[in-house]
Amino acid sequence: MKFVLLSLLITVQSLHARTLAAAAAQQAKELKAGCIVTGERIGDDVRFTISGKAPEAKNAPPEQIVFEIGSITKVFTGLLLAQAVVEKKVTLETTIGSLLDPKLKFADPRIAAITLKQLSTHTSGLPRLPANLAVGSIEDDPYANYDEKLLLAFLISAKLEGEGPYSCSYSNLGVGLLGHLLGKLWETGWEKAVVAKICLPLGLKDTAVHPEPKLPLATPHAGEKGVKPWNFDAVAGAGALRSTAADLMKFGEAMLHPEKTPLKDAFAFALQAQAEAPAMGGQIGLGLFLGKHEGEMIFSHDGGTGGYSASLQVIPSKETVLIALINNNSLSGSAVIAAMSDAKSATPQKQKEISLPVEMLTQYPGVYELDRDARFTVLLRDGKLWVNLTGQAFLHAFAKVPDRFFYKAVTAEIAFNRDKGVIQSLTLFQNGRELTAKRSSAAPPEYQLRTSKELQPYAGEYALMGLKKLKVTVQANTLFAQLEGQPSVPVFETTPDRFEYDVVKATLVFTRDDKQQINGLTLLQNGLALPAARVTSQTSDLSK
């Protein structure tokens with residue numbers, strides 16, 4: 001359920017460099033709490049391992065430890081939609097208005113016209129989260145009280161932004177609504193429907209919102225801190241399932257050979273490309289992302305909740321299933337799988353850079369959009385080109401030929417694509433994949449790029465409203481802010497002491513005392529100004 005971000009370290013890497021178990025063992029050394037359970041099938045060889053600490057598991061085999069799987073739940077909800085189509089209860093073009101109370105009056109009639117396929121493929125135009133999610137919200141358990149009444153109240157009052165048709169833009173709300181409607185369709189509620197129609201037919205006996213308590217639940221963590229498991233109500237179909245590595249292995253194996261399962265007709269719908277998903281570097285089926293790596297088809301989805309991270313990747317042509325389950329939200333499951341790449345393949349090759357005339361360099365800066373929430377930002381500072389992807393630091397890009405640049409920090413290249421001499425898009429090349437973003441008309445932000453040394457005075461811990469901790473660190477010449485229980489994300493300076501987030505509409509304004517030393521900050525978001533006194537200062541590795 002976390003905010004989905006791409007990275008210049010894209011998650012699918014060479015899958016032959018080392019085992020997933022070895023990658024997890026290395027990654028677990030960085031975990032401050034919790035463990036990593038992996039499942040790896042290559043051909044007929046299936047292995048499960050655990051790295052890190054899980055005292056609550058006692059003597060249970062790693063594949064029998066239960067984790068929240070977050071947004072991997074969306075794959076199950078997509079398959080449930082496919083099964084509803086197979087049973088002729090609905091079609092992919094059935095509208096949500098036809099399934100809701102006909103007495104409902106929508107402020108925007110286009111919402112009633114949204115189809116079930118659009119909900120599953122994130123092409124409905126609905127936002128990532130409903131604006132009224134915070135109403136009655138429980139701290140550290142944001143979806144627990146979001147019930148049908150609140151869901152319907154949002155739908156009848158909301159207005160879609162822009163004009164359709166909408167491109168794929170990730171929406172927890174949309175898939176949550178889909179699950180809610182499918183539960184009503186079967187008159188059982190979403191959880192009972194997904195267990196009866198999907199989990200049990202595939203032999204997934206330990207996959208449910210609340211699996212049988214005979215198996216241990218991995219204790220959730222956010223960094224060093226233990227946190228609460230998440231609970232769901234009306235939008236459970238977007239992220240409520242818990243499962244084990246053993247069950248997810250069976251689920252992945254079903255994708256390898258759907259023709260051998262009782263859900264073969266449903267899989268035919270779910271595994272078929274239903275829409276383009278440029279922000280994910282490929283297409284999307286019903287709830288499942290479809291991509292290519294070195295010419296091979298990959299089915300994948302990640303998941304994350306307040307104290308868990310998970311990843312599932314399936315490569316049919318290689319008879320491969322990769323699973324990573326972590327009871328700590330500070331490390332993503334896809335990052336563990338990416339770490340299978342050995343050091344040699346992950347090290348950028350030396351390339352010769354060239355100098356380009358200033359009049360050419362000035363043509364590249366701009367905003368290049370993947371979708372509503374993800375974009376490349378290209379800046380020109382002191383004759384150097386800098387590029388970031390939403391939620392990431394800016395990296396220096398070096399010219400190898402006109403319109404083609406490479407990075408020294410990671411093994412990747414970008415190309416600027418022209419039509420009739422005018423730059424129209426940008427393409428990222430990495431790990432055998434291509435990711436193309438269209439140039440928007442928006443001007444790039446006026447960010448001031450600083451060195452780690454210049455940013456160091458801001459680093460430290462701040463007590464937001466005297467309660468939650470906000471940790472500010474310096475990494476890769478970039479300031480990162482991490483609110484307790486949430487991932488660390490970059491903030492960029494716009495004016496002295498003022499830094500903007502690029503993942504959400506929010507700003508940090510740092511304050512100074514009489515001696516011009518940083519003594520606090522104010523978080524500006526949603527019309528609120530939340531003060532935070534500085535608790536401690538920190539040092540960072542200025543070489544980064």
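1. Contact here means heavy atoms within 4.5 Å. Helices (H or I, at least four residues) and strands (E, at least two) are DSSP runs, numbered from the N terminus. The model is predicted: local features need pLDDT of at least 70, side-chain atom pairs count only at pLDDT 80 or more, and totals for chains, interfaces and linings use all residues. Residues are numbered from 1 along each chain as its sequence is written, and side-chain values use heavy atoms, with hydrogens and water left out.

2. Overall form. The protein has 13 helices and 28 strands. Its C-alpha atoms fill a box of roughly 65 × 60 × 50 Å along the principal axes.

3. Of the 544 residues, 53% count as buried, where buried means under 20% relative accessible area, exposed over 50%, and partly exposed in between (1.4 Å probe, protein chains only). Among contacts with a separation of 6 or more, 61% involve residues 24 or more positions apart.

4. Helices α2 and α6. The axes of α2 (residues 73-86) and α6 (residues 172-185) come within 10 Å and cross at roughly 45°. Axes are lines fitted to C-alpha atoms, for helices over the stretch in contact, and angles run from 0 to 180 degrees between N-to-C directions. The two helices are therefore oblique to each other; angles under 35 degrees count as roughly parallel, over 145 as roughly antiparallel, 65 to 115 as roughly perpendicular and the rest as oblique. The crossing of α2 and α6 is left-handed, a term used if the near helix is turned anticlockwise from the far one by less than a right angle, with right-handed used if clockwise.

5. Residues between α2 and α6. On the α2 side, K74, T77, L80, L81 and A84 take part, and they meet N172, V175, L178, G179, L182 and L185 in α6. By class, the residues of this contact are seven nonpolar, three polar and one charged. Ala, Val, Leu, Ile, Met, Phe, Trp, Tyr, Cys and Pro count as nonpolar, Asp, Glu, Lys and Arg as charged, and the others, Gly among them, as polar.

6. Helices α2 and α7. The axes of α2 and α7 come within 10 Å and cross at roughly 75°, and the two helices are therefore roughly perpendicular. From α2, T73, F76, T77, L79, L80 and Q83 meet W190, A193, V194, K197, I198 and C199 in α7. This contact has eight nonpolar, three polar and one charged residues. In α7 (residues 190-199), W190, A193, V194, V195, I198 and C199 are buried, and the buried residues of α7 pack against α2 and α6.

7. Helices α2 and α8. Helix α8 (residues 245-256) packs with α2 at an angle of about 50°, the axes being 13 Å apart. The pair is therefore oblique, and α2 passes α8 in a left-handed crossing. V75, F76 and L79 of α2 and L248, F251 and M255 of α8 make the contact. Its residues divide into six nonpolar, no polar and no charged.

8. Two individual residues. F269 is found in helix α9 (residues 264-270) and, at 30% relative accessibility, counts as partly exposed. The C-alpha atoms of F269 and V86 are separated by 8.8 Å, although the two residues are 183 residues apart along the chain. Leaving aside residues up to four places away in sequence, F269 touches A82, V85, V86, L92, Q274 and L286. S51 lies in strand β2 (residues 45-52) and is buried, with a relative accessible area of 10%. With the same exclusion of residues up to four places away, S51 touches A21, A24, A25, A28, C35 and I36.

9. Backbone points to check. Most residues other than glycine have a negative phi, and most peptide bonds are trans. The peptide bond from G164 to P165 is cis, with omega near -5°, and P165 is found in the loop between α5 (148-157) and α6. E319, not a glycine, has a positive phi of about 50°; E319 is placed in the loop between β11 (309-315) and β12 (320-326) and is partly exposed, at 23% relative accessible area. Q516, also not a glycine, has a positive phi of about 65°. Q516 is found in the loop between β26 (506-512) and β27 (518-525) and is exposed, with a relative accessible area of 51%.
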